[in-house]
Amino acid sequence: HPSNVQMEESSILGRTNCRAKGGAPGFKVAILGAAGGIGQPLAMLMKMNPLVSVLHLYDVVNAPGVTADISHMDTGAVVRGFLGQPQLESALAGMDLVIIPAGVPRKPGMTRDDLFNINAGIVKTLCEGIAKCCPNAIVNLISNPVNSTVPIAAEVFKKAGTYDPKRLLGVTMLDVVRANTFVAEVLGLDPREVDVPVVGGHSGVTILPLLSQVKPPCSFTPEETEYLTKRIQDGGTEVVQAKAGAGSATLSMAYAAVKFADTCLRGLRGDAGIVECAFVASQVTELPFFASKVRLGRTGAEEVYQLGPMNEYERVGLEKAKNELAESIQKGISFIKK
Ligand code: NAD
Ligand code: LMR
């Protein structure tokens, strides 16, 4: 065994076994809100990720059931469950990556901002736990409204003296996943061949797909641009309406969250050239947070890329996005500073 791997003994029916503590070498990942609509498929997919050695599943309900279920999968990661606030600190101790899909989802007719009153407090409590128990972990924040919950998390970490902007990432991957899918449909391509940068934030007009930068290079008619931009911006609402009161995107979100988490883990491992869009502390615009392409490395979002050349349609969209984003960011900051 490599010398830096701690061994642990266990015994079942008198047979004593020795295995690496925490399973195979790899990263320790916690999911907060693991029993929810996103949390469950996300937990399942993370259990399948070979970069994960330990998977902690935390929720205020049903965590033991989800943990028992997932722990029977014959993959390498060791799974442990944690139920309720008294177990939050144990869930977080020693984690390399914390993924947060905890909080209420939208119902038809609601905006993401309508979730603020409940989810802001949930995110605050969870981030206080992170500051205390795993201040160096990378945080992937999924709970809505992302445009406000990321500033909330940043303020909590600042207060605790643990804030490292590189380690706090709002997950906007689902916007990219949708954009790749919808653009591929229009172009008649395999979505896996398409790469659409989506910048700004994660709500309505703040979701700004840069269709002029699509790879492979292509051009769109004004009608196609309008259709695609609106469809990408309203993708979440499309699912909320189709689910008709039973919640919002969970399966595509779990897929997107795992894609993004895997990117973060490969960055942590030291892989080169890992780039994805995320909502991060940023100097790309005058706003303190903005989603754009970031390069992920051993310490998190090590480089935040400029937006690149935009056409007139995108420049107009950028102004609208910034106006709404400014308010949502301020609302998050004020929630902690008040
Ligand atoms: P859900 O209601 O199915 O699950 C949420 C889970 O969070 C539940 O299991 C609940 O018990 C748990 N929870 C509540 N309070 C908690 C706390 N204090 N600590 C730990 N866990 C707690 O909802 P969902 O469909 O999984 O959505 C979760 C969140 O993700 C929502 O806010 C939703 O809007 C958001 N979301 C974001 C994106 C994105 O692209 N960033 C996409 C989809 C959904
Ligand atoms: C999404 O984009 O699907 C999520 O933000 C959930 C929602 O409320 O739309």
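The tour goes from the ligand to a helix and then to the nonpolar core. Bear in mind throughout that this is a predicted model.

Begin by selecting ligand 1 and the residues around it: 33 residues surround the ligand, and the closest are G33, G36, G37, A102 and N144. If you colour this shell by class, you will find 18 nonpolar, 13 polar and 2 charged residues. Helix α4 (residues 116–133) gives the largest share of the shell, 4 residues.

Next, select helix α5, residues 146–160, and compare its length with expectation: at 1.5 Å a residue, its 15 residues should span 21 Å, and its end C-alpha atoms are 21 Å apart, which agrees. Because 11 of those 15 residues are buried, α5 is largely enclosed by the rest of the structure. The buried residues include V146, N147, P151 and A153, as well as V156 and F157.

Finally, turn to the largest nonpolar core, which has 103 residues, and pick out I31, L97, V98, A153 and A257, the residues with the most contacts inside it. The largest share of this core, 9 residues, comes from helix α9 (residues 251–269). Centre the view on A257 and, leaving aside its neighbours within four places in sequence, show its contacts: I38, L42, I99, P101, N140, I142, V171 and M173.

Technical notes. Residues numbered from 1 in each chain as written. Chains lettered and ligands numbered in written order. Predicted model: local features only at pLDDT ≥ 70, side-chain atom pairs only at ≥ 80, totals over all residues. Near = placed C-beta within 6 Å. Helix = DSSP H or I, 4+ residues; strand = E, 2+ residues; numbered from the N terminus. Nonpolar A, V, L, I, M, F, W, Y, C, P; charged D, E, K, R; others polar. Expected span 1.5 Å × (residues − 1). Buried ≥ 20, exposed ≤ 12 C-beta atoms within 10 Å, placed from the backbone. Core = buried A, V, L, I, M, F, W, Y, C linked by C-beta atoms within 7 Å. Contact = placed C-beta atoms within 7 Å.
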